[in-house]
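Keep the sequence and the 3D view open while reading.

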Amino acid sequence: PAPRRGGQAVDIRGAALTVADRMGVLEQARAVRTTMRGMSMVDGDGNEIMRSTEETISGGRFDSPDIEILRDDLTAIVTAATDAEYLYGDSIAVIDQDEHGVDVTFESGARGRYDYVVGADGLHSNVRDLVFGPEDRFLRHLGTYISIYTAPNFLGLDHWQVWHHEGGAGFGLFSDRDTGVMRVNLGFEAEPIDYDPRDVDRNKRLVEEHCSSLRWETPRLIEAMWKADDFYFDAMAQVKMDSWSRGRVTLVGDAGYCASPLSGQGTSLAMVGAYVLAEELGREPAGAFERYERRMRPFVELNQALALENPGQGASPESVRRAADGITL
């Protein structure tokens, strides 16, 4: 019914910084960056076993030009910068295209005809399902599930992150711009689970079931999870497709080439993909989708590889920089 609140800290890196600059939103994004001071790793009882004031797991090194920003802050900036009509509380039910345009029927019963349809609707893309087929053809599960939600900042975190992993489960906690709030990641490793990403109560039960063995402040984190109204849960997965386009319909970002949060590049891929697509459509609509795919696919492959380079440890800084800069704009 409205722009979704919550979500984790995301990163604008490499080529995406160029896109943000050309969009005119770079300085706005910098103004609300997370400005973390550092992070700690703790054992199962909350004892600090490592700390860094040079980098964080979520945002990388502080001396890089990258911008770490909360997802809902970036959403607000981009929404304000765009001249578009936004329809909330509705969804696409039918897509029917011919050589001249696309007829769309919405769940509300409204209809419209458009030159093109671009599915930018995430890992579980409805547009992809309607045009290309069921998602199980395209999703590649990476063996991990993650949740995120806001909770009272009962740890008093101040521009700081706390991380713990033990026995196939773990958490990441980091302060919000609102000092009374922290954002919580609770995640676990598992084989593919039959779940509905929109079934909030069922997914909270899954998190509790798999994470309740963790000690220290975990009971309070789980209690806060049940009270949270911005809870998000999903699999770590990638989308692999031979083509992102069919006729006058194409896909951008996670819908077409999700790299998973393990890559740290999902936001940058979406921003660069949207920019390249818009540039090619503006240059000449005929053949624009083919040119978009030809330019983007090597960049996508580099960034998807980041999630698989060193499971559990993260890709090397050299690989991250090579992937982030792996396209000419």
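## A walk through the model

Thr-56 is buried, because its relative accessible area is 4%, and the cut-off for buried is under 20%. This value, like those that follow, comes from a predicted model. Thr-56 sits in strand E4, residues 55-56. Which residues does Thr-56 touch, leaving aside its neighbours within four places in sequence? They are Met-36, Gly-38, Met-39, Phe-62, Glu-68 and Gln-161.

Two of these names return below. Gly-38 pairs with a residue of another strand. Gln-161 meets a tryptophan side chain.

### The seven-stranded sheet

Seven strands make an open sheet. Their order is E3-E2-E12-E13-E14-E11-E15, and the pairing is mixed. Strand E3 (48-52) and strand E15 (232-239) form the edges, each pairing on one side only. Neighbouring strands of this sheet are turned by 20 degrees against each other on average, direction ignored.

| Strand pair | Sense | Bridges | Facing residues |
|---|---|---|---|
| E2 and E3 | antiparallel | four | Val-42 and Glu-48 |
| E2 and E12 | parallel | four | Gly-38 and Trp-160 |
| E13 and E14 | antiparallel | seven | Ser-175 and Met-182 |
| E11 and E14 | antiparallel | nine | Ile-148 and Asn-185 |

A hairpin links E2 and E3, with five residues between the strands. Within this hairpin, Gly-46 takes a positive phi near 90 degrees. Strand E2 covers residues 38-42, and strand E12 covers residues 160-166.

Now move to E14. Strand E14 spans residues 181-189 and is mostly covered. How many of its nine residues are buried? Eight of them are. Strand E13 (residues 169-175) is one partner of E14. A hairpin of five residues joins E13 to E14. Strand E11 (residues 139-152) is another partner of E14.

In a regular strand, side chains alternate between the two faces of the sheet.

Helices lie against this sheet. Helix H6 (residues 218-227) lies across E11, E13 and E14. H6 runs at about 90 degrees to E11. Helix H9 (residues 288-309) also packs on the sheet, where it touches E11 and E15. The direction of H9 makes about 115 degrees with that of E15.

### Trp-163 in strand E12

Trp-163 belongs to strand E12. Is Trp-163 buried or exposed? Its relative accessibility is 15%, so Trp-163 counts as buried.

Another distance concerns Tyr-232. Trp-163 and Tyr-232 are 69 residues apart along the chain, and their C-alpha atoms are separated by 19 Å.

### The three-stranded sheet

Three strands form another open sheet, in the order E10-E17-E16. The pairing here is mixed. Its edge strands are strand E10 (117-119) and strand E16 (245-246), each pairing on one side only. E10 and strand E17 (residues 249-251) run parallel and are joined by three bridges. Val-117 stands opposite Val-249 in E17. H9 packs on this sheet, touching E16 and E17. The direction of H9 makes about 15 degrees with that of E17.

### Helix H8 and the annotated span

Helix H8 has 18 residues, 266-283. Ten residues are listed as buried in H8, among them Leu-269, Met-271, Val-272 and Tyr-275. Val-276, Leu-277 and Glu-280 of H8 are buried as well. An α-helix has 3.6 residues a turn, so residues three or four places apart point the same way.

An unreviewed UniProt entry places the feature "domain: FAD-binding" at residues 84-283. The end C-alpha atoms of that span lie 20 Å apart. The span is 26% helix and 35% strand.

Notes. Residues are numbered from 1 along each chain as its sequence is written. This is a predicted model: local features need pLDDT of at least 70, side-chain atom pairs count only at pLDDT 80 or more; totals for chains, interfaces and linings use all residues. Side-chain values use heavy atoms; hydrogens and water are left out. Buried means under 20% relative accessible area, exposed over 50%, partly exposed in between (1.4 Å probe, protein chains only). Helices (H or I, at least four residues) and strands (E, at least two) are DSSP runs, numbered from the N terminus. Two strands pair if DSSP finds at least two bridges between them. Axes are lines fitted to C-alpha atoms, for helices over the stretch in contact, and angles run from 0 to 180 degrees between N-to-C directions. Contact means heavy atoms within 4.5 Å. UniProt positions are given in the numbering used here, feature names are shortened, and annotations may be inferred rather than shown by experiment. The expected span of a helix is 1.5 Å times one less than its number of residues. A polar contact is a pair of N or O atoms within 3.5 Å; within protein, one must be able to donate a hydrogen and the other to accept it, and residues adjacent in sequence count only if both atoms are side-chain atoms.
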